[in-house]
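User: I have a structure open and would like to go through it bit by bit. Can you help me read it?

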Amino acid sequence: MEFTLLYYCLALTLPILFLFLKSWSQKRTQRIKNLPPSPPAIPILGHLHLVKPPLHRSLLSLSKKYGPIISLRFGSRPVLIVSSPSAVEECFTKNDVIFANRAALTINTYVGYNSTTLGTSPYGDHWRNLRRISAVEIFSSHRLNSFIGIRRDEIKSFLKTLYQASGEGFGKVELKEMLMELNLNIVMRMITGKRYYGERNLTGKDETEAKEVRDLVTELFEYGGASYLGDFLPFLQWIDYGGFLKRIERIGKQTDKLLQGLIDDHRDDDEGSSGRRNTMISHLLSLQQSETQSFSDENIKSLILDIIFAGTETTAVTLEWAMSCLINHPDVLDKAKQELDSQIGQENLLDESDLSKLPYLQNIITETLRLYPAGPLLLPHASSQACTVGGYHVEANTMLMVNAWAIHRDPEIWDDALKFKPERFQIMGSNDQIYKLMPFGMGRRSCPGMGLANRVLGFALGSMIHCFDWKKISDEEIDMSERVGLTMPKAEPLQAMCKARAIMKKLASSF
């Protein structure tokens with residue numbers, strides 16, 4: 001009896017003693033090393049119980065309570081959360097090389113060629129080689145200019161679809177799918193020379209390939225935006241909780257097979273049809289002949305994958321947010337329309353080369369990216385060694401998460417922080433925006449496709465404003481809430497009323 005009583009006492013007191021000693025040890029370590037402030041954690045889960053979707057809002061709540069630099073533990077992984085411009089500056093200047101690694105995530109093993117793509121690979125020679133290729137051979141001004149005809153064709157096709165959907169007078173349209181198809185067609189034509197969306201006359205092999213591309217892109221975006229608990233609680237990987245590993249392995253194999261097929265198709269086309277001579281794949285394959293190692297098939301596939309993944313949904317989502325903001329603010333929409341009519345007129349369509357004459361349009365895009373960044377939390381970085389941020393000690397192998405969404409909406413940084421006000425950028429210089437505005441990331445791991453994104457955003461948004469009148473479908477404001485997702489999509493797809501303007505009716509006569 002006494003033994004049983006002693007057993008139960010020990011069973012009750014030992015866990016409590018363990019938690020007390022662990023908490024005391026953590027606090028002592030924090031005092032010695034001056035670790036960032038941290039909320040109370042629980043065994044195994046760490047702080048996972050404190051974060052709820054959407055993650056950027058949940059982390060902002062914690063930052064308001066504990067400060068702009070906080071330390072969390074997601075299961076077994078230490079995480080540093082920063083949400084102030086000064087902390088961001090320190091991370092991406094003094095500590096830029098230290099934080100140049102990417103956090104290791106399971107999806108990158110299966111879909112990202114074992115974390116060897118430009119967006120996922122560790123900092124080092126391989127990453128520098130991919131960055132050089134992307135900067136010189138893919139996203140240079142010369143290369144982007146060579147694809148201007150594709151962007152022009154796809155914008156015209158998009159305007160035609162809008163015109164047909166709106167009918168005579170004001171007609172209701174849903175923009176989400178149309179904007180996604182626009183951006184995917186632009187990107188896929190640049191990569192392969194083919195349209196995979198909205199094409200009615202595909203047959204045989206082309207139709208099969210188009211369906212594979214569409215289905216695969218849908219799955220990639222679905223799983224790319226999902227958080228996998230096994231990345232933070234490794235024991236879940238042992239049992240493949242939820243079947244995530246099995247599904248992502250299948251997607252990885254299908255993705256590789258499809259991308260290799262696109263490369264082989266180009267390689268077999270020795271003569272090179274007119275549509276194939278000017279594609280990213282054909283250009284990279286021509287360089288492969290002189291630099292076999294730098295332009296291996298796997299490197300080419302990884303670059304294509306990054307372009308598809310980073311250059312389609314992000315731009316489509318931003319365009320949907322921009323149009324939502326404009327329709328909710330008709331005074332801003334009218335001002336943009338006046339700028340377009342003054343600079344372009346109603347006799348000619350807007351062209352990409354006209355964007356430099358439209359500063360207010362660019363301010364609208366910048367303000368949209370401030371309030372609704374397609375990456376509310378920058379892609380996670382990882383520290384390669386111990387360092388200090390804001391005077392706090394940061395251990396090696398700590399995941400860094402920058403809450404860009406919180407910084408973009410901080411009332412101590414921005415006047416009328418939550419108000420859509422493009423005019424704010426008329427009086428702000430580019431130096432005023434450094435470390436306050438980061439829709440394309442910061443430091444050496446910032447997005448190399450920023451130039452392409454800005455061209456498509458300006459061209460597409462300007463064309464929609466120039467060619468159509470827009471208004472709400474009812475007296476109610478358009479819902480501006482977001483749903484969970486890597487690119488912060490709108491909770492409710494944008495539905496609006498649009499009517500063709502004179503320039504669109506003139507263009508329609510040539511359809």
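**A buried charge and its partner**

Analyst: Keep in mind that this is a predicted model. One place to start is glutamate 154, which counts as buried because its relative accessibility is 2%, and the cut-off for buried is under 20%.

User: What does glutamate 154 form a salt bridge with?

Analyst: Its partner is arginine 195, and the closest N and O atoms of the two are 2.8 Å apart. The pair links distant parts of the chain. Glutamate 154 sits in helix 7 (residues 148-166), while arginine 195 is in the loop between helix 8 (175-192) and helix 9 (204-224), 41 residues apart.

User: Which residues are linked in a network with those two?

Analyst: The network of salt bridges links Asp153, Glu154, Arg189 and Arg195.

User: Why would such side chains pair at all?

Analyst: Side chains of opposite charge can pair when their charged atoms come close.

User: How many salt bridges does the count come to?

Analyst: The count is 27 salt bridges. Another one joins aspartate 297 and arginine 267, at 2.7 Å from N to O. Aspartate 297 belongs to helix 13 (residues 297-311) and arginine 267 to helix 11, 30 residues apart.

User: Is arginine 267 buried or partly exposed?

Analyst: Arginine 267 is partly exposed, because its relative accessibility is 33%.

User: Which residue forms a salt bridge with glutamate 347?

Analyst: That is lysine 506, with the closest N and O atoms 3.2 Å apart. The two are 159 residues apart: glutamate 347 is in the loop between helix 15 (330-343) and helix 16 (359-371), and lysine 506 is in helix 20 (residues 502-508). Glutamate 347 is exposed, with a relative accessible area of 54%, whereas lysine 506 is partly exposed at 44%.

User: In what sense do strand 1 and strand 2 pair?

Analyst: Strand 1 and strand 2 (residues 77-82) are antiparallel, and six bridges join them. Within that pair, isoleucine 70 is opposite isoleucine 81 of strand 2.

User: And strand 2 with strand 8, parallel or antiparallel?

Analyst: Strand 2 and strand 8 are parallel, with four bridges. Valine 82 has valine 402 in strand 8 as its bridge partner. On the other pairing, strand 5 and strand 8 run antiparallel over two bridges, and alanine 382 has methionine 399 in strand 8 as its bridge partner.

User: Which residues of strand 8 are buried?

Analyst: Met399 and Met401 are buried on one side, and Leu400 and Val402 are buried on the other, so both faces of strand 8 are covered. In a regular strand the side chains alternate between the two faces of the sheet.

User: New topic: the surface. Which residues make the nonpolar patch?

Analyst: Ile42, Ile44, Leu45, Phe235, Trp238, Ile239 and Tyr241 make a nonpolar surface patch of about 810 Å².

User: Where is tyrosine 241?

Analyst: Tyrosine 241 lies in the loop between helix 10 (235-238) and helix 11 (244-268). Tyrosine 241 is exposed, because its relative accessible area is 53% and the cut-off for exposed is over 50%.

User: What about asparagine 363, buried or exposed?

Analyst: Asparagine 363 is buried, with a relative accessible area of 10%. It is found in helix 16, and it touches Pro422, Phe425 and Gln426, leaving aside residues up to four places away in sequence.

User: And the chain as a whole: how many helices and strands?

Analyst: The chain has 20 helices and ten strands. Of its 511 residues, 51% count as buried. The chain exposes about 24,200 Å², and carbon and sulfur atoms supply 54% of that. Among contacts between residues at least 6 apart in sequence, 74% join residues at least 24 apart.

Terms used:
Residues numbered from 1 in each chain as written. Predicted model: local features only at pLDDT ≥ 70, side-chain atom pairs only at ≥ 80, totals over all residues. Heavy atoms only, no water. Pairing = 2+ DSSP bridges. Patch = residues over 30% accessible without salt bridge, like charges linked within 9 Å, V, L, I, M, F, W, Y side chains within 5 Å. Areas by Shrake-Rupley, 256 points an atom, 1.4 Å probe, with all protein chains shown as cover. Salt bridge = Lys/Arg side-chain N within 4 Å of Asp/Glu carboxyl O. Buried < 20%, exposed > 50% of the residue type's maximum accessible area, 1.4 Å probe, protein only. Contact = heavy atoms within 4.5 Å.
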